[in-house]
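Reader: I have just opened this structure and would like to learn how to read it. Could you take me through its features, one at a time?

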Amino acid sequence: MVSRETPPHRPTPADYRAIGTEPFWAVTIRGSTALLERPDHRPLRYSVAHDGDDRAIRYLGEGFTLTATEGPCSDGMSDAIWSERVQIAFGEGTLKGCGGIREDEGPDRP
């Protein structure tokens, strides 16, 4: 007998993630959607397209640009080292932080 129950929702892994401190912010990109989250602000969603070259990774959308260049980058809070330095430009200004892969979560980690 085939079960007709809906399986529990499991979020898909992020295509890219970045964080920043002072002010705190986080961006998660899944597919063609970038989600910018900040304390005391409503989350902002942007439709984005991936772009890049030998010097940078870019996610571009109307009113949103994330540019990541080769690190290393320290997030300033946890002493974690990230693979890239990130700058985000959006309607309210520019944010800087770190993104890509955290040193302690590298691709060889389970």
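Author: Gladly! Let us begin with contacts: two residues are in contact when heavy atoms of theirs lie within 4.5 Å. Among contacts in the protein chain between residues at least 6 apart in sequence, 29% join residues at least 24 apart. Please keep in mind that this is a predicted model, where local features need pLDDT of at least 70 and side-chain atom pairs count only at pLDDT 80 or more, while totals for chains, interfaces and linings use all residues. Residues are numbered from 1 along each chain as its sequence is written, and side-chain values use heavy atoms, with hydrogens and water left out.

Reader: Thanks! How many helices and strands are there in the protein chain?

Author: Helices (H or I, at least four residues) and strands (E, at least two) are DSSP runs, numbered from the N terminus. Here the protein chain has zero helices and nine strands. Along the sequence the pattern reads β-β-β-β-β-β-β-β-β.

Reader: In what order do the strands lie in the sheet?

Author: In general, strands of a sheet pair through backbone hydrogen bonds, either parallel or antiparallel. Two strands are taken as a pair if DSSP finds at least two bridges between them. In this model, nine strands form an open sheet with antiparallel pairing, in the order β4-β3-β2-β1-β9-β8-β7-β6-β5. At the edges are β4 and β5 (49–52), each of which pairs on one side only. Neighbouring strands of the sheet are turned by 25° against each other on average, direction ignored; axes are lines fitted to C-alpha atoms, for helices over the stretch in contact, and angles run from 0 to 180 degrees between N-to-C directions.

Reader: How many bridges join β3 to β4?

Author: Four bridges join these antiparallel strands, β3 and β4. You can look for Leu35, which stands opposite Arg45 in β4.

Reader: Which residues touch the most other members of the largest nonpolar core?

Author: Two terms come first. Buried means under 20% relative accessible area, exposed over 50%, and partly exposed in between (1.4 Å probe, protein chains only). A nonpolar core is a set of buried Ala, Val, Leu, Ile, Met, Phe, Trp, Tyr and Cys residues joined through side-chain atoms within 4.5 Å. The largest such core has 18 residues, and Phe64, Leu66 and Ile88 touch the most other members. At least two residues of this core come from each of β1 (16–20), β2 (25–30), β3 (33–37), β4 (44–47), β7 (64–74) and β8 (81–90). Leaving aside residues up to four places away in sequence, Phe64 touches Val27, Ala34, Tyr46, Val48, Tyr59, Ile88, Ala89 and Phe90. In the protein chain of 110 residues, 32% count as buried.

Reader: What about the aromatic rings: how many pairs does the count come to?

Author: A pair of aromatic rings is described by the distance of the centres and the angle of the planes. Rings of Phe, Tyr and Trp (its six-membered ring) pair if their centres lie within 6.5 Å; planes under 30 degrees apart count as stacked, over 60 as edge-to-face and the rest as tilted. By this rule there are two aromatic pairs. The rings of Tyr16 and Tyr59 have centres 5.9 Å apart and planes at 45°, so this pair is tilted. Tyr16 is in strand β1 and Tyr59 in strand β6 (residues 56–61), so the pair ties together parts 43 residues apart in sequence. Tyr16 counts as buried at 7% relative accessibility, and Tyr59 counts as buried at 7%. The rings of Tyr46 and Phe64 have centres 4.8 Å apart and planes at 25°, so that pair is stacked. It links Tyr46 in strand β4 with Phe64 in strand β7, 18 residues apart. Tyr46 is buried at 13% relative accessibility, and Phe64 is buried at 1%.
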